[in-house]
Amino acid sequence: MSALPRAHDLGLIGCHICGLVCRDTHVEDAACPRCGGTLHRRKPGSIARTWALLIAAFLLYLPANVLPIMRTVSLGDVDDNTILTGVIELWVKGSPDLAVIVFTASIVVPMMKFLVLGTLLLSVHRGTNWARTQRAKLYRLVEFIGYWSMLDVFVVSLLTALVQFGFFSQVEPLPGVVYFGLTVVLTMLASMSFDPRMIWDCKDEDE
Amino acid sequence: MNPSPSSIEHAPKTMTSTLMICEQCDTVYRRRPLARGDVARCLRCHAVLERHQRIGLNTMFALVLTVMVVFVQANVWPIITLGFNGKQIHTTLWGIIMMMWQEHSQVVAVLAAGTLFFFPLCKMLLLGWLLAYGRLGRRAPGFERWMVILHYIAPWTMSEVFVLGVLVSIVKAHLYFDVTPDAGAFAYAVLALLITVFSGIDLRQLWDKIPEVAP
């Protein structure tokens with residue numbers, strides 16, 4: 001046994017909901033004595049579920065970027081914005097710093113989630129020892145920043161509610177924003193269903 | 001022969017206080033008392049295992065009450081006012097949600113209502129309920145069930161993202177209009193601060209801090 005015993009080595013199991021340390025009785029669907037949640041050694045069906053949610057999220061992410069998310073009408077002049085043109089407009093017309101924030105939240109973060117979760121899934125599937133600490137860190141980062149992608153959805157909603165002057169000026173949401181909102185929800189679900197314990201489940205060679 | 005689930009009832013109770021398992025990599029540790037400002041990290045994956053919790057149940061209860069007051073203000077007052085040709089439009093959170101519903105983006109309306117109103121509201125009310133009893137040293141009725149629900153809704157509250165959204169919207173609308181942040185925007189800013197204070201609090205500690213009374 002290594003210096004850092006894992007729950008499985010000691011016949012223990014940690015409740016995923018309340019964190020209670022329980023003795024592993026090898027009973028299917030044993031309930032946590034403290035919170036009543038089902039005890040699992042690993043999240044059930046984690047890899048398949050995460051793949052499914054990630055692929056679904058990616059499929060929605062394409063229309064979210066290609067389709068416009070917002071229409072601005074100003075004196076009969078119609079202008080459709082995609083996520084990217086919105087960022088560019090913000091950059092050109094006054095606040096590059098906010099443009100960077102929006103760019104990070106709506107483009108960098110979702111792309112990073114796809115790349116990181118995809119890499120994690122593939123590496124876990126192959127059972128590799130490669131860069132485990134870094135991979136664990138990346139997972140925590142993705143978990144932590146994931147929901148900030150919702151920023152653009154809220155901005156479109158706020159502007160729609162604010163700018164309502166009929167012909168003179170109006171902002172309308174377009175389908176892209178719906179796809180984008182769903183992408184964010186699906187990527188959040190995907191990162192929640194991934195079980196980071198699997199990163200450490202391969203055989204130790206370096207210890 | 002498998003032991004029945006009921007036989008594990010008593011086994012873990014002695015271990016609860018002494019052992020803990022890293023959420024991220026399943027490494028088992030013996031708990032140690034932490035001094036103020038201490039953070040216990042996992043040696044294997046470097047995840048945070050536990051922080052010293054200096055906010056007691058009473059303070060937490062006071063914080064939740066404060067959050068409730070601010071939350072009401074953030075929802076009642078208009079967030080942004082926009083002026084154009086002498087006309088003024090005030091926006092509240094529910095105004096935004098209704099507008100998105102009417103503009104054929106029902107999905108967005110539901111997302112906003114959930115993440116900005118219902119989930120934060122549930123979280124506050126549940127915490128308030130659990131702590132109102134907890135500070136008297138008792139478990140509130142339905143304690144286990146509420147704690148589990150709290151665990152599931154926690155990741156879906158997004159008020160702090162909305163605050164950033166308000167900032168970006170003000171800057172964007174300012175390009176064309178006369179925009180002023182209203183009381184609601186400031187209430188949201190305060191809310192974001194309080195949420196930051198709360199983010200350091202591990203709610204799972206309530207399981208240990210509010211002991212089960214022997215039946």
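Trainee: What pLDDT does chain B average in this predicted model?
Mentor: The structure is a predicted model, and in chain B 91% of the residues score at least 70. A stretch that falls below 50 is residues 1-15 of chain B, which in the model has 20 contacts beyond near neighbours in sequence. Taken over the chain, the average pLDDT of chain B is 86.

Trainee: Which strands are the edge strands of the open sheet in chain A?
Mentor: The sheet has 3 strands in the order E4-E3-E5, with antiparallel pairing. An edge strand pairs on one side only, and this holds for strand E4 (77-81) and strand E5 (169-173) of chain A.

Trainee: Which residue in E4(A) does A:Thr72 stand opposite?
Mentor: Strand E3 (residues 70-74) of chain A runs antiparallel to E4(A), and 5 bridges join the two. Within this pairing, the residue in E4(A) that stands opposite A:Thr72 is A:Asp79.

Trainee: What angle does the direction of helix H5 of chain A make with that of E5(A)?
Mentor: Helix H5 (residues 151-162) of chain A packs on the sheet, where it touches E3 and E5 of chain A. Its direction, compared with that of E5(A), makes an angle of about 140°.

How values were computed: Residues are numbered from 1 along each chain as its sequence is written. Chains are lettered from A and ligands numbered from 1 in the order in which they are written. This is a predicted model: local features need pLDDT of at least 70, side-chain atom pairs count only at pLDDT 80 or more; totals for chains, interfaces and linings use all residues. Two strands pair if DSSP finds at least two bridges between them. Helices (H or I, at least four residues) and strands (E, at least two) are DSSP runs, numbered from the N terminus. Two residues are in contact if their C-beta atoms, placed from the backbone, lie within 7 Å. Axes are lines fitted to C-alpha atoms, for helices over the stretch in contact, and angles run from 0 to 180 degrees between N-to-C directions. pLDDT is the predictor's confidence in each residue, from 0 to 100.
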